[in-house]
Each structure stands twice: as C-alpha cells, then as structure tokens.
Amino acid sequence: MIHWKKIDLYDIPWRILIIAIILTLIGLLALKSISYHHTKTLQNPFYKQVIFLLPSIVLSVLILFLPTYAVHKYSFIIYGAGIVLVILPFLDSEHAGTHRWLNVGLPFAVQPSEFAKIFTVIALARYLSDHTLKMKRFSSIIVPFILVLVPSVIVLNQPDLGTAIIMFTPILPMLYWSGARPFYLFMILAPILSILTAFDTTLFAIWAIVMGSLIFIGQPKMSIGMSLFFGNIFLGLLSRPLWEMLKPYQQNRLITMLYPEKDPLGAAYQIIQSKTAIGSGGLLGKGWGAGTQTHLKFLPVQESDFILSVIGEELGFVTIAFILILFGYLINQILKYSFLSRDRFSSLVLIGIATILMSHVFVNTAMTVGLIPVKGLPFPFISAGGSFLMTSYIMIGLVMRLSIHYSD
Amino acid sequence: MLKTENIVSQHQYRIAGLVIWILVCILLGRYFQIQILEFERYSSKSNTNRIRQVTKNAPRGLILDRHGEILVDNFPIYVLTAIPGEMINRDLQFKMIADYIESDSAVIAKNYNKYYRGQFIATRLAKDLNFDQISRLEENKLNLHGIYYDQIPERYYPSRVKAPHLFGYVKEVDRDIRKSLINEELYELGDLVGWTGLEKQYELFLMGKRGISFYEVDAFGREVGPALELNSQNPDPGQNIQTTLDLNLQAFIEKQMIDRKGVVLVAHPESGEILSAVSSPDYSPDLFTGITTERDWAEIQKDPDRPLLNRYIQGTYPPASIVKMIMEAVLIENTDFDVDVTQHCSGSYQFGDRIFGCWKPEGHGDVNMTEAMVVSCDVYFYKAIRACKIDQLYDMFIAFGLGEKTSIDIPNEVEGLIPNNDYMFKRYGRFGWSKGSLLNFAIGQGELLVTPIQVLNYINLLATRGSSPVCHFVMVGNLPGNVHPELESTTWDRIINDMRAVINHGNGTGRKAQPEINGMEIFGKTGTAENPHGENHAWFIGWAEYLDEKYSIVILLENAGSGGGVAAPLAKIIFSQFASTKNLAFK
C-alpha cells in the first residue's frame, strides 16, 4: 500500500498526460475550424470542448491522490454503481430516440455508459486478480464473462452497439493477461464470426479455412476439434435460413437494434463524403479552415464521428500519421507499465484501459475510410463530446496512478 | 489481495505491442492509400463533383366523399428556389428577381431568411409562379446564378363543396411550427402540415413520405446527372381518406345555408356516418392555400359573424325544448310522476317568489305528457320537474352524451356544460341556488350548453333506441365506443311516438317539417332557445324513415326565430331532397 504523501512528483509519468493534451489540442484546432459559423456558446462544439477540458485535466490529476488499494477495495461497489448508471437513462425520456443520455439538470446531458466502461474494467481486474484462474479449464471464464455481459447487454438495449462492443472487448486481452490460452479466446469469438460471415459465401469459405487451420494449430483433442469446427460450420449454415424465416418486421427490429443510426442513404452518403474529404486533403492538406468538403457541410457529424475526416482534409496525411503514431506510442507506454506493474490488479486495469482506447481509435478511424460500417464512436481526446472527454482523462489519471512506481 | 503477483510475461507483452502496431499500420496504410495514392481521384472529385441531395415533397393523400368523388385534391404549383452557396450577389439578385416576377425584394429576402437551412440546400424564395413569371426568369437565367424553380403539390378543391371547417387547412412548416410538432424530424421547412380539421386529424395518413434524390453537381453548381452510387428514393404519396360525406347533399345544404347563420348536420343514425355538415357562415377552403394577403386574413378574423368558428363542434348553445325527450325519459324511468295525469297550463307558473312563463302566454289548458310534447308546453314540464333531483337529470343528459365530447374525428371539439349538484354548489354556494334553476333546465335553458354535434349523437341515439355508434366523418374500421342509454322499451315507444306526434299532429310545433311524401315518416322536436344577446336561436332535430333508410338531422339557426317557424321548414326542404335523390337513384 502506498501512501499518497510518499509520491515523488518525478515518479509520475507525466508524458501520458502530455500526449493526451497534445491530442486534445489538435482536436480543438479542428473544432475551431468547423465552429466558424456557430454563434451560441454551448451549441458551439469548440467552446463546449474547451469548457470540459480544464475539469477533465484537473480530474485526471486528482486521481493521482487516490490510493490504489481503495480502487481495488471498492471495485465491485463502483461496478454496481455503474450498472445503476446505465439503467437510469431508461427512466428518463428519450433523447433522439435512444436511452443513451441522462438529464441531470445541467445545460447538457451526460452519457453514463462512458463512465461504466471504466468501472467494468476495474471490476474485471479485481475478479481476475483475486482468483488465480485455472486457465486450462474453460468453465473458469464464465464469471468474468457475466461481469462484462451484464452492462454490455444493458447498453446494447439503449440501443448503443458501439459502446456495448467497447465495453465487451477488454475481456479478451485481460483474460490473455491472466494466462488464458489464446485458443480458448478464439473459441469464444468463433461462433460470432461464423454467424456474421454466413451472409457472404466467399467470406464464409475463407473463414472456414482460417478456422480449420487455427484449430489444427491449436491442437485440441480430436473430438473437441472436430465438434468445434463442424459446430461452427453448422451454426453458419443455419443462420441464413433462420434469418429468412423471420418476418420482415422482425428482421427490421434486429437491424435497428444493431444499427440504430442506420439510414441506407445516409450511411453510404456519409462514407463517400468522408472519403472524398480525406482523399482530397493529400499529403499536407488544404490548409486550416480551407476544407471545402467540410465547410460546404457535405460532411456529416463532423465534430464527433468524422473529426478525423476534417483533419485529413485540412491538415493532410502528415497530421493523421502524427496522430496515429502518437496514439500507438501512448498505448504502447500503457502496455509497458502494465507489463512492469508488480501487482496483477494494476496490470489488468492498465491493459483494460489500453484496450478501450485502442478500440475507440480503431473503430472510429476505420469507419472514416470505409473499412468498417458506420458506427457512431468518437475518437479519444480529439472528437467533441463532454462525457467522453472526461472519461478519457479519468483513464489517463488512472494510468498515471497505477504506473507511478515503474516510471523509468 | 492487491499483492497478487503480476504474471504477464515478456512474450505476452511483445505480442500485445505487435497487435497494437499492426492495427496502427492498417489504419495508416488505408489513409496512405486514399490520401497519397488516390489523391488525384479524390481531389478532382472534391473540386468538380459534389453530390447534392434534393428532396421531393410527397403529394398529400386525397379526401374523397362516400362515393369516391374527390373533395380535396392536389395541384402542382411552381416555386422559386435558391442555392445560397451558389448565388453571387444576393441583394442584387433578389432585386432582379423582384423585377421579373413583379414582387418586392424585401418579401423575397424575408422568405430567404425564413426557409434557409444551409449553404447548399434549396431555399424557397417565392411560390405560385405563373407562366409569364417563369418565362421572364428563364430569359434572364444567365444573370441568376444559383436560382432554380421546382414544382410542388398544393391543396386544390375541385368539387362544388366548400366544407372548410371539416377539411381544415394545411400550413407551411416554419421554424416555430417545426419545433411544436411531436414528430418534427419528419418535416422540413416549407413542408405542409395539417393544421385543422381532417387535415390535422388524419395527418399521419395524409402526409406521405418525402423522396430523396442525389445529383452530382459541378463546381459551378450545375447538375451533371444523378449520383448513381446512391439510391434515390421516390416520394411516397399520402394515403387517401374516404369520408362519409355525400357530395351532392353537402353542396345542396351549403346552398340552403347561404345568408343563414347556424348549423345543419345530417347522418345515418345506424352507422353514425355523417352525410353532411355545414357551419355557416363559412369561407372558401382555398383561403389558406396560395397567397393569403394580410388584408384578407384580417378581414375574416374581424368578421363579427365569426366564419372561422366551426359551429358544430365549437359553438355552444342552450338546447331549449329539444331536451324534452330527456325530461320524458327521466320522468318515466326515475320518478313516480304520473305521466297520464293532465296538468293545467295557464301560460305561466309561480314557483316561490318567481314566475316562470310558458312560451305561449295564453296557456295550453289541460295537457298530458304527449300533448305537452306536441305543443312544447313549458308549464307542464315546470310542474313535472319538481318530482326529480338535479343529479337524476344530469345522469340522463350524460347517458345521451350531452355535455361531453363525442370523440368526433376532427380536432378542437368543446364540451358544452351540463350542471350537476356539485357544479351548482361551487358556482352559487350552498344556499345560493334553488329548485328554480331546475325549472330552467326542464326547458333546456339556464346554464345548459350543448354543441350541435352532441345533439346529432343524441338524435341518433333516439332514432336507434340507444344503439347508434359515434358520429364520424371518415370511414374507419375501429370507432371509439359511444354512450348507450338504456331505457325500458315502453319508454322508447312513448318518446318515439310523441316525436311522431310533434310532426303529424295538427298543432304540432314540428308540423312544418312534414314534407308529405308517400312512405316517408318523420320524427322530430323543435326548440326555441332564448338568447340574451339577440333574436332566439331556432332548433329542429329529428329523423326521417324512408325506404328502409334512416336519415337524422340537426338544424340550428342562430338569431333566426322559433324552431317551428324557421328551422322546421328548412328540415322539410332537406327531407324532400332525400326523397328526390333516392328516387333518382332508383330510376
């Protein structure tokens, strides 16, 4: 147990915070460019972001004074509070047809699922560090899964598929960190991929080959390997007829749950506009405030989901590359602290946070260039969004707190 | 257990780091591909090709009469629009347009501000352009950069029927209206939204779904062609609604009501379908489409006859003697009053220190209940009412749906007023009112106020012995439930026989409603409502049975005189019309 008075300022890995602030400043630069015509203060994403930035930084520094043992001790209580938080919006009226937002009497609504992401990671870290898992046994990962699935399913019903995915993803690297065989993790993911690829014959064939080879490499018992392989193939073959048996309105309901923002014209339109904006930016960009695609409002949700497209158009490939490499470095630093950490709890929280940040970056960036379908997820530190900016800085604070003794 | 040792190996750390950098490289590679390798392609696309989204308004559904004749239609009109981002000198261009279409540039600038939604979205400048205006604009197209015109459907009324209160009107959605709509995301500025009447009630059916098409435009804003990579969506016209109205009957009655003030309602009592509904004075239904000048609008609003008021759902009137069927029902069913004993009418009746007059100052002599109904004797009912309590009377009014909304399918219906014990207490205090007020209720005066549509429901219930469904204007499958008064069958017989006598008896107040048509039988009751503000209001309510069909009718003529003298003769004209259309249909 470390008492906060003993913290040496030089021990704190300030570079983590500095990287976060640099990224936020780049974001502010882009927001300033697109906010040119806005007048009202809180509707102006630039001012709103500036207003949220200072409390966010203060919060991340305050977390430094939080003893690690307290985080560990109260993990499950925090987790419970997180569950309550994500249920609360269902009692509030709908915002834009979803239950993602909570009105707390402030001039803006808050998105509790953002905060719940961290709480889930902490509870999971606590469970996995308290129980030395017999990772050879498949059954030992059931409880961790329940821990993650409860908040994810609630968030999925808000409906918010993006956040639900982000909430779910950390369990895979965290189990890996706790010594689970990668092959087991693969077995967990396999059924999902079997269902998703089933709707495209070529994709399904490729997946079947990949899965077969991985099972071969994984070398489970013959009977398990065979049943795993054919079970998945069967599931894939079954999913399309099952889908077609559904009535059109049932299909629609499922699609709406998975893609609440689905708008067949809108999605294709957004991707085309985003790619045109990015592509026409070239190496150095069109210059700050000179992005025609951006300023002619061809680009939708510029301030959050498509902020990278604005940067790509106005500031060019060099800036994008700088951002992505800086981010890669940041994540790598967190991984390093996680590896060097002496206790398993800190190590697991760190890898969990690294996963959340990386998932956001990957999903958001891949979406802007049409690598994956449009999914409303913001880019950490850069996209406008109060709740998300604050959670990102809370994560940065936690990273600094849990890394203190291992800074080099 | 915070001391649990970290077991992450160097190997695991390296794998995780590798995964991170592979993901970063995938993203960087894709950006490199788009921004560096395909730069030329996207650059030219951004410079010369922009995709513009154009919305196409869906025509609203039509409103039809019961035989499928079109009552409310759509007609395409021309509107002038501008793409703000493509205009070069806005003020100058507004001035030029104003010249070509002979309008005021300030009006055009005002429209521009009203409809502006974005730099590259068509903004409406003017509408209802005629052919001359368009050709002048076309001749000068070179100077009018960024100015376009478009066709939009607008409401048009092709039939002889006016019925503006029933159809209602549509309004153009502006910023304030848009904010007030529950489903505001479905509307854009300049769209039409049903604002009153059927247009409002059936908005979700009538509105249809807007279409979207995508065009590629070049750097000069000229359309180069449809954007093929995006699917256009055709507008989905609104659904038609079939009303219960009979076009010919409606037109006929509207004609009868010219220069009269009041209401005529005609319905089929068995189905509740309203064949005709006239509130007079009215206005032309196209008053609200096209250009309504401020002057027209002010004039119609200030008119002392209030043509904008839909009298059959919003006008409240004292029911007067048409409540006497309710009196009969209460007296027979709920009191021990002997209806066969005659009462003497001397022309007035003293109750406490007040004197209540009969409408006929000379008096009716000795009358029994039927005779009292036939001549509409007030004194008989003054005497009879002493046998019952106010809440018994109130319950019977409510049982016939008076004093409550009928759930008619057009908005803004009002309730009227039927006082009960609590109401009188609150209004006048515990001792402030006496049975004297009850005497007024017996002849449908005092605080009593009803709407004509409630009275139509009331007469429908009488004509069907309490089984009539709610009155309605649109043919729908699921009607809301109606009140169903339950009376003994002998009571129904008595009331209905008395209503027949009102028409057929030599002294009957309703005798002037008798068209004397072979095979047509008439039942009815007149009423003359005293009105502190002027001449009496005349009521006639009743129904005709002719060739297995029933037609119910409610006539209310404001400040016109007595029910028997003014309303009954109009009823006769309408009853004759039933016969002639029916016979025409047979030939």
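Helices (H or I, at least four residues) and strands (E, at least two) are DSSP runs, numbered from the N terminus.

Let me state the basis of all this. The model is predicted: local features need pLDDT of at least 70 and side-chain atom pairs count only at pLDDT 80 or more, while totals for chains, interfaces and linings use all residues. Residues are numbered from 1 along each chain as its sequence is written, and chains are lettered from A and ligands numbered from 1 in the order in which they are written.

Which residues of helix H4 (residues 105-115) of chain B are buried? They are B:Ile108, B:Asn111 and B:Tyr115. Seen down the helix axis, the buried residues of H4(B) fall within an arc of 60°, so they line one face of the helix; the arc is that of the directions from the axis to the C-beta atoms. Their cover includes helix H3 (90-100) and strand S4 (123-129) of chain B.

Next, the nonpolar core, meaning a set of buried Ala, Val, Leu, Ile, Met, Phe, Trp, Tyr and Cys residues joined through C-beta atoms within 7 Å. The largest has 113 residues, and those touching the most other members are B:Leu265, B:Trp539, B:Val554, B:Ile555, B:Ala567 and B:Ala571. Domain 1 (53-242) and domain 2 (278-296 + 307-586) of chain B both contribute residues, so this core lies between them; the bounds come from an automatic or database domain assignment.

I turn now to B:Glu270, in the loop between strand S11 (262-268) and strand S12 (273-280) of chain B. B:Glu270 is partly exposed, with 15 other C-beta atoms within 10 Å. Leaving aside residues up to four places away in sequence, B:Glu270 touches B:Thr464, B:Ser468 and B:Lys550; contact means C-beta atoms, placed from the backbone, within 7 Å.

Finally, how many residues does each chain give to the contact between chains A and B? Chain B gives 42 residues and chain A gives 50. On the side of chain B, the largest share, 16 residues, comes from H1(B).

Technical notes. A residue is buried if 20 or more other C-beta atoms lie within 10 Å of its own, exposed if 12 or fewer, and partly exposed in between; C-beta atoms are placed from the backbone. Two residues are in contact if their C-beta atoms, placed from the backbone, lie within 7 Å.
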